[in-house]
Amino acid sequence: MKEVLHFDDVSMHYHSKQGETIAAKNLSFSVMEGEFVAIIGPSGCGKTTLLSLAAGLLNPTKGEVKTNGCSFGYMLQKDELFSWRTIEKNIFLPLEIKRANTVEQRQRALALAEKYGLGKFLKNYPSALSGGMRQRAALIRTLAVNPDVLLLDEPFSALDYQTRLSVCDDVYKIIRSEKKTALLITHDISEAISVADRVLVLSQRPARVVASHTLDFPENEPLKRRENKNFSKWFEILWRELNA
C-alpha cells in the first residue's frame, strides 16, 4: 500500500512578542493510500496546525512532512460558500484558481454534483440550501480538482447534532465512493469512531502521538457503526487516553 503522507519527527514552533509556543514536538505518523484516518486531541493541542503542515501552508521548524507528490484538498469547519455565487459557480471556484477551468473539468465537477444530489440546486445561491446541503456542496467543491488526499478540519462542527449525523454519513459515503484518502481532525470521539479506519490520539500541546488504534468494525457506514456493540468499548478507550 502506497504511503501518501508521512510526518517524520516534526516539530512546529510559533514566535510572537509574548514568546515562543511549541505546537508540535517530535511528531511522527503515516497515512496510507485509501485510508480514512481520524485525529483527536485535547482542545488547543495543535490539531489544525497539523493539517496546515500537511497541506504545505506551514513549514515545520524541525523534521519533514513527506507527501510523495500527492495533491491535497482542504475542507474547512464552515462551508465558506460565497453568497453572491451560485452553487455551480462555487463548485467551479477551485478550477478557476488553479487555472484548470476547462470544459472537461467543469463537466467532471457537474457530474459529481449530479451524482451526489446537488443537480437540482446548481443555479441556486447558498442561502437557499440547508446547512447539510451547503456542506455537501463544499465537499464537491473540494473534489472538483480531484485531489489525492482530503484534509477535513472539523467539517461538521457548525451543524446541529441531528444534521451532523446525517451529513457525516453522506460525506463518508462520498469519500469512500470516490476512493479518496482522508485525514479528519475532530474533537468528537464518537465521530472519529464512526468513520475512521484508524484513530490517532494526540497529547496536550506540544502535540505528539500517544496512541494509534486500528478499528475493527465490519460495518462501513457511520450510523451502523454507532449501533455496534464495540462502539462503547472504543469510546471508553479513547476517552481515557484523551483525558490521561
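Two strands count as paired if DSSP finds at least two bridges between them. With that in hand, welcome to these close-up views of a predicted model.

**View 1. Strand E5 beside strand E6.** Strand E5 covers residues 72-75, and strand E6 covers residues 149-153. The two run parallel and are joined by four bridges. Look for Tyr-74, whose bridge partner in E6 is Leu-151. Tyr-74 sits with Phe-72 on the uncovered face of E5, while Gly-73 and Met-75 make up the covered face.

**View 2. A salt bridge between Glu-96 and Arg-85.** Here the closest N and O atoms are 2.8 Å apart. Glu-96 belongs to helix H2 (residues 87-97), and Arg-85 to the loop between E5 and H2, with 11 residues separating them. Arg-85 is buried, at a relative accessible area of 16%, whereas Glu-96 is partly exposed, at 33%.

**View 3. Glu-191 meets Arg-164.** The side chains of Glu-191 and Arg-164 form a salt bridge of 2.9 Å, N to O. Glu-191 is in helix H6 (residues 189-195) and Arg-164 in helix H5 (residues 161-177), so this pair ties together parts 27 residues apart in sequence. Both residues are buried.

**View 4. Asp-216 and Lys-233 in a salt bridge.** Their side chains meet at 4.0 Å, N to O. Asp-216 lies in the loop between strand E9 (209-214) and helix H7 (222-226), and Lys-233 in helix H8 (residues 231-242), so parts 17 residues apart in sequence are tied together. Asp-216 is partly exposed at 42% relative accessibility, and Lys-233 is partly exposed at 35%.

Methods: Residues numbered from 1 in each chain as written. Predicted model: local features only at pLDDT ≥ 70, side-chain atom pairs only at ≥ 80, totals over all residues. Heavy atoms only, no water. Buried < 20%, exposed > 50% of the residue type's maximum accessible area, 1.4 Å probe, protein only.
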